[in-house]
Each structure stands twice: as C-alpha cells, then as structure tokens.
Amino acid sequence: MENRLQQRPDPVLQNEPFAMQNARVTDAFWREKMRLVRNTVLPHQWKLLNDAVPGAAKSYCIHNFRAAAKATARRKNGQEAAPHYTDRGFEVLPDEPDAPLPDRFYGFVFQDSDLYKWLEAVAYALADEPNEALEAQADAAIDLVCQAQQADGYLDTYYILNGLDGAFTNLKDHHELYCFGHLAEAAVAYAQVTGKTKLLEATCRWADLLDARFSDSPDGCQGYPGHPEAELALFRLFAATGCARYRDLALRFLNRRGQRPYYFDKERGCTPAAPEEPRYIYYQAHLPVREQHEAVGHAVRAMYLYSGMADAARLTGDETLLGACRVLFEDVTARKMYVTGGVGSTADGEAFTFAYDLPNDTAYAETCAAAGLVFFARRMLQIEPRAAYADVMERVLYNGLLSGMSADGKRFFYVNPLEVDPAACTGDPRKRHVHPVRQAWFGCACCPPNLARMIGSVGQYAWTKTQDTLFVHLHIGGEVLLQTRSGKSHVLMESEFPWEGNFSVRFPDGCSDVFTLAVRIPAWCAGQYTVEGAENAKWWVRDGYLYLQKAWSVQDALQFNFAMHPQFVRSDARVRENIGKVALARGPLVYCMEEADNGEALHLCTLDTAAGVDVSWETLLPHTRVPVLTASGFRICSPEAAPPLYAPAVPPKRENARYRFIPYYLWANRTAGEMQVWTRAEGNTGFAGEKKC
Ligand SMILES: [Zn+2]
C-alpha cells in the first residue's frame, strides 16, 4: 500500500505544532514529569491494562482484545459464526473479578480506548527517548489490536464479542466512534515517531469503512458520535495522510450534530412528547454546532467537540463556526472554569451547570476535561494567536491537569476538587465522587492515560510555527528546528518556569533570514517583565504576544524575566462560594492549604491580605523541592471548651496564625487530610463592581 504518511506543507494548515522529531523538551520541570511517565506511569499502566496489579480495579482491556483476536481468527477459519447481538449494558463485570470468561467482553463499552491512549503516550515517550523494550511491548499490543480487526475493517471489541449485527445501533451511548478516534490518534503518533505504519493502516481501513457507512447517500447512516473524539482524530488523520475523505467525514459528523429531527430520537425509535424542546444537551447535540453559544452538558464531551469544531473552522475558514468556538471558549473560561483550570461543576452527568456556579467541595473538574480544555485552547491559538488562549492552557496544565497524578506517578485523581474534608467524602452522599487521596486505578480509567499522553506531548502545546514566526505559548525549555526560507535553524530555549520567571532564547545556528519570535506575555505578570538582548530587533506587541523580528545571529541571546510575585486572587462576585475568600497564586501556579501544614478545620483560617507573603524553597516531598508560600492571618477559636451549637452572637475570639501554602498540583501527596484553595480573608478582597462606601 502507498505510504500513508505524507510530508506536505499545506497552505491551509498554517500555525502548526512542530513535528515530534523537530521539537524536544529539555525543560527541567517537564522532563521530570516525562521521565515519570516513561519509567513509572507507562509500565504501571501496562500492568493495569493486563489486570496484573493486585488490589487495583480490573481493566479487562487486554483481555477483551485477546478474546476478540481469538474470535476473529475462529471466524476467519470458519470455525464459528459471529453471535447475534446481546446488549450487555454500559459496564459489564464478571461474577468473579479474577475469573473472567475467556471469550467475553468486560468493562465499559469504551474500554478499548484505554489501550489506544496508552499507545499514543508510548509514541511520545519513544519520540523523546528510544526504548527497545517499550517499543516491543507496543508492537505486540498493536499486533493484538490488528488481530482483533474484522476483514471489513471493523474494530471495536465490544461488538466483535457481543454481536456485530448490533454495530452502529447505539451511537448515542456506546463509544465505537470515540474508540476509533483514540485509535486514530495513537496510530498517527506511533507512525510519525517510529515510522511503523501497521496500526495506521488498520486505522485507515476502519476509517474507510466508517466513511462508507456514514456517507450522505440514501443508504448511509446519518448519525454522529454520542461522545465526540472521532472528529478531532479524523482531522489529525487527514493531516497525517492527506486523505480528504477523512476530513470530510469529520465535517459530516459536525454538520449533522443537533439537526432536527434528532438522529438520536430516530436511533432510539422514540417520538418526543414535546418535539420542540431542546434535548440531548448532555451530548452537546441539542443544537447545530454553529448555534451552540453556551457550554453545556458533559464537560469532556464538550471539550472534545469544541476542539473538533475549532479544527473544522481552521481548515474550512468557516467564520460562523469560528464565531461559535470563540463564544464557547469565552463561556467556559470566563464563567465556568475553576481557578485551577478545572471544568465541570457537578458530578451529576460530569457536567457544566450554569454561569458562575463553581462549588469547591462538590466540584467534578475531571482530569480528562482539563486535558480537553488544553486541546481546545491550542486549536484556538492555531487560528488566532491570542495570549488569552495560552493563559488558559498554562493555567490548566500546571494546576488542574497535573493534580490528576501523584508525585510518584502511581496514583491518580479522576475528580479534582478545590476543597476537601475527608469526613465529608464518606459522610456526605453529595461528595462521594470526591476522594481525599489519589486512587491506584479506576474501572473507568479514562483519565490516567490521558494525562500520560498530555505530558508526553507538552511540546505540541508549547510552540507552534508559521512560515516566518515561531510562537512561544508556554515558557518551556526546549529545542526546536525551524525551517526558514534558506535553510534550517535551531532555536534553544531555557526556562526556570514554573518556579521563577526567567526564560532565555538563543540561536546556535544563526539565520540569514529575518524571522519573528513571538513570546507570550503571561497575564499573571501584569505587564511587569523585562527583555534583554532585543535592542536591534524590530518589535511590537499584539494580543498579548511580544513579537521580535530580525535575522537572528549566533551572538543573539534573549533574556526574559516575568515578575513572579505571590498574588492573592479574588473571584467575580457572582461566584457565591468564594465571597470573602481569596486564592493564592504565584506565576502560573495556584497554591492551596493542607491539613498537614496547617492543622485541621481549615475553614477557621482567615488570611490578612494586607500582610506580605513569604516565599521559601523547601523539600516538600522526596526529590521535590518547591517554593512554599507563607502568609499571615488569624484563626477563629472557640470561646468555650464545649460550645453549644447555637448561642448569642459575640465577636469571635481569634489568634494570630501563619499559614503554609503548597502548589495545588502537589496536594494529597503526604497524608489524607483537609485541603482548600479558597480561604477566608480580611483586607483587600474587593471584587469587580465593588462600591466604595
Ligand atoms: Zn477521565
């Protein structure tokens, strides 16, 4: 077959991330995370996918592929016919967890995607550092996936094992197209990094079948994914292969979404009592995508859909679609995003609620939704490089995303709350989704491998390039190879982020062509930054980026410093949970208080925001030395040893106190205990629109 991978400079694919081989992360902070992913997370997850970790929730993921591969082989040999479809539910578990029947599917309907996300993360790890053993493991897994594939290209173990006549009959709630998307992302990444195209070829056969099945012809299925992911993956497959049919299939999925009559009504065979009422909000299928102006429903689905919409807007130049993307990004980040970058305010449907509803202790803020917001922001940056998008991306990455993984890479959060009382996690049914410590694994294990692939590909979010401009969205240390008109030129970046605001750029090859370096000015530095070495460059500031233009020489050395002072942060007054409270941040990091440092009953702590905040480097955990913040305030004390529940109000007794804050992403790495991001405060807690009396 022809080489599916194409190297083609496509004029519409401007402002792209660098090819993996042309961008290397050398940053101390991120390299440590990448090392953790390579040495700990990926081997650990491989064991988990194989159900080989005692005490952890069973995955059955590899079990399902093995069972499907054997079934496919038997069918090819004519030894058995495929069974008639039996709906076995959204999640099916064996009677005995350790004794699954060898020919049965177990787990969630989307269990296949866990392996695909792991494979994608492996690809990024291999791009960073060759590893024969890991590559051999991935090759074996790919062989298994390909053995499970049907002769016509179909590839979803749930239906292969439960009955192929049921395939595509429940697009709303089953995840064939979602799993396809993760397969496609893994296949593209693996082929681009290793040059091995076996998985990509299998993916293209599967995509070809989907293209035919979901055609616009009268006998084509007019459906679209219940859980978006295929869309952005098809655009990625198109970019890698140049096959326009994949792009067009993604556009069909997007254009059909939310059209009346609803496809999901037809699929379910139901006639709604109130046909005009918007439904399928949870799926973001309530309205056509160009008419969606409010972030609603399941937060991960929303982020993946909006990412696909942004890809479509970029590739087609559709201004209406771009307008919807802009409005949705604004709605998410100006009204529905936690200060940590988490999204999804309620466990009920893992979903958005309403504007400014950001409860700290019942937050959902799923790790996958955080990853999805990073996908969305990077795609918007590709369309229009505005620092507002990259500010969000940075906020999510350093806070609500990294919090999903323990410092040792072995335990994970699915839910990332901003306030925890361990007693409430077990005692309050509304908080049962909140865990005070990270878990070894989840039956629904979407988050850990998503984190692994995000960390491994952080360079894809840090830098993008056009023909004559290198954009630095994240101040990450690294080395990129830039193609200019007359040749290739390395650009070296060194960084002390997120701990200090120093960032430097050098040009070891020099470059005879004029090109532009566009460096984001982070919003948190409030315009306090210095640049040395740019005296001879033409410069301008646009949309939060400092553009520096010249023919850079070997002698050029740029040194940026962005002021990284501790800052008390307030919420918009409409966030009722945070009235009278502040969060503490420094640079891109949001900080939190833990019981381990401040004792129990954190709700009694009050900060004095007029007092200064001390910064001191401390070894918080083994191998983890970080700036710890110390602030002054008061602690409310009970006037009596055994106070009544209610009593006549008198001014509370309080004593002076000092409070220690650690980076939020590192919480729950010591002992289980209380944690809070937002703390009661006295002093300057003013909010927008505050009246001066
Ligand atoms: Zn997840």
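## Surroundings of Leu358

Beyond its neighbours within four places in sequence, Leu358 is in contact with Tyr338, Ser345, Val575 and Glu577, where contact requires C-beta atoms, placed from the backbone, within 7 Å of each other. The model is predicted: local features need pLDDT of at least 70, side-chain atom pairs count only at pLDDT 80 or more, and totals for chains, interfaces and linings use all residues. Residues are numbered from 1 along each chain as its sequence is written.

Leu358 lies in the loop between helix 12 (319-335) and helix 13 (367-383). Helices (H or I, at least four residues) and strands (E, at least two) are DSSP runs, numbered from the N terminus. Leu358 counts as buried because 25 other C-beta atoms lie within 10 Å; the class requires 20 or more such atoms within 10 Å, whereas 12 or fewer make a residue exposed and values in between partly exposed. Thr86 is 272 residues from Leu358 in sequence, with a C-alpha to C-alpha distance of 41 Å.

## Helix 3

Helix 3 is mostly covered, with 17 of its 17 residues buried. At 1.5 Å a residue, the 17 residues of this helix (residues 112-128) should span 24 Å, and its end C-alpha atoms are 25 Å apart, which agrees. The expected span is 1.5 Å times one less than the number of residues.

An open sheet of six strands has the order 1-6-7-11-14-13 with mixed pairing; two strands pair if DSSP finds at least two bridges between them. Its edge strands, strand 1 (16-17) and strand 13 (538-542), each pair on one side only.

Within the sheet, strand 11 (residues 515-520) pairs with strand 14 (residues 545-550) in the antiparallel sense over six bridges. Ala518 has Tyr547 in strand 14 as its bridge partner.

## Domains

The domain assignment, which is automatic or from a database, gives domain 1 (466-562) and domain 2 (566-682). Their C-alpha centres lie 37 Å apart, and six residues of domain 1 are in contact with six residues of domain 2.

## The chain as a whole

The chain comprises 18 helices and 24 strands, and buried residues make up 49% of its 693 residues. Its C-alpha trace spans about 80 × 75 × 55 Å along the principal axes.

With 693 residues, a compact globule would have a radius of gyration near 26 Å, and the chain has 26 Å, which agrees. This radius is taken over C-alpha atoms, and the globule rule is 2.2 Å times the number of residues to the power 0.38.

Methods:
Two residues are in contact if their C-beta atoms, placed from the backbone, lie within 7 Å.
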